Amino acid sequence: MSNDVDRRVFLGAAAVGAAVMGASGAEAKAGFTLRHQVYFWLKRPGNEADRAQLIAGLQKLKAIPEVRELFIGVAANTEARDVVDNSFDVSEHMVFGSVADQKIYQDHPRHKAFVAENSGLWARVVVRDAVDI
């Protein structure tokens, strides 16, 4: 058998395996991750109690099994440049193993409780989801 035939057989088997698993091409590759980045602007910027409540609520989300990693931060006081937006108050960065895991997280009762308990704190939220390439 030629290398071209071997390669086609391998690629065909990989495609069938991904389809059977219900995974997209990106999710089928080893080490797939979805990065869920959320930026919060408080209704009362600089209010320490509001910020502490939001951070405490975010920390509870780590208990959701589909959350692989959770990082919580505040805006850094870095050099002012046109491309830097450090106007947010709190950010969180989560890592999921698949788009399906992120959907489970969105629907999880703990996440819904977080939104219900804390949405009154923020004036604006921006979400950026990205997958590894």
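Which residues does Val126 touch, not counting residues up to four places away in sequence? Select Val126 and display its surroundings: the residues in contact (heavy atoms within 4.5 Å) are Gln37, Val38, Tyr39 and Trp41. The model in the viewer is predicted, with local features requiring pLDDT of at least 70 and side-chain atom pairs counting only at pLDDT 80 or more, while totals for chains, interfaces and linings use all residues. Residues are numbered from 1 along each chain as its sequence is written, and side-chain values use heavy atoms, with hydrogens and water left out.

**Val126 and the overall fold**

Val126 belongs to strand 4. Its relative accessibility is 17%, so Val126 counts as buried; the classes are buried under 20% relative accessible area, exposed over 50% and partly exposed in between, with a 1.4 Å probe and protein chains only. A distance between C-alpha atoms may be drawn next: Val126 and Phe88 are separated by 9.5 Å, although they stand 38 residues apart along the chain.

Now colour by secondary structure. Of the 133 residues in the chain, 29% are buried. Among contacts between residues at least 6 apart in sequence, 75% join residues at least 24 apart. The accessible surface of the chain is about 8400 Å², and 56% of that surface belongs to carbon and sulfur atoms; areas come from the Shrake-Rupley method with a 1.4 Å probe, and for residues only the protein chains shown count as cover.

**The nonpolar core**

Select Phe40 and Leu54 next. In the largest nonpolar core, which has 18 residues, these two touch the most other members. Such a core is a set of buried Ala, Val, Leu, Ile, Met, Phe, Trp, Tyr and Cys residues joined through side-chain atoms within 4.5 Å. Strand 1 (34–42), helix 3 (48–60) and strand 3 (90–96) are the elements that give two or more residues to this core. Strand 1 supplies the largest share, four residues.

Which residues surround Leu54, leaving aside its neighbours within four places in sequence? Leu54 is in contact with Phe40, Leu42, Val90, Phe114, Asn118, Leu121 and Trp122.

**Aromatic pairs**

Show the rings of Phe, Tyr and Trp. Six aromatic pairs are counted; rings (for Trp, the six-membered one) pair if their centres lie within 6.5 Å, with planes under 30 degrees apart counting as stacked, over 60 as edge-to-face and the rest as tilted. Phe40 and Trp122 have ring centres 5.0 Å apart and planes at 50°, so this pair is tilted. Phe40 lies in strand 1 and Trp122 in strand 4 (residues 122–131), so the pair ties together parts that are 82 residues apart in sequence. Phe40 is buried, at a relative accessible area of 2%, and Trp122 is also buried, at 15%.

Move to Phe96 and Tyr105, a tilted pair with 5.2 Å from centre to centre and 50° between the planes. Phe96 is buried at 0% relative accessibility, and Tyr105 is buried at 1%.

Then select Tyr39, Trp41 and Phe88, which ring pairs link into a cluster.

**Salt bridges**

Side chains of opposite charge can pair when their charged atoms come close. The whole structure holds four salt bridges, each defined by a side-chain nitrogen of Lys or Arg within 4 Å of a carboxyl oxygen of Asp or Glu. Three of them may be visited as follows.

- Select Arg35 and Asp132, whose N to O distance is 3.0 Å. Arg35 is in strand 1 and Asp132 in the segment after strand 4, 97 residues apart. Arg35 is partly exposed at 30%, as is Asp132 at 22%.
- Select Arg44 and Asp50, which meet at 2.8 Å, N to O. Arg44 is partly exposed at 47%, whereas Asp50 is buried at 7%.
- Select Lys103 and Asp107, which meet at 3.0 Å, N to O. Both lie in helix 4 (residues 99–107), four residues apart, about one turn of the helix. Lys103 is partly exposed at 47%, and Asp107 is partly exposed at 37%.
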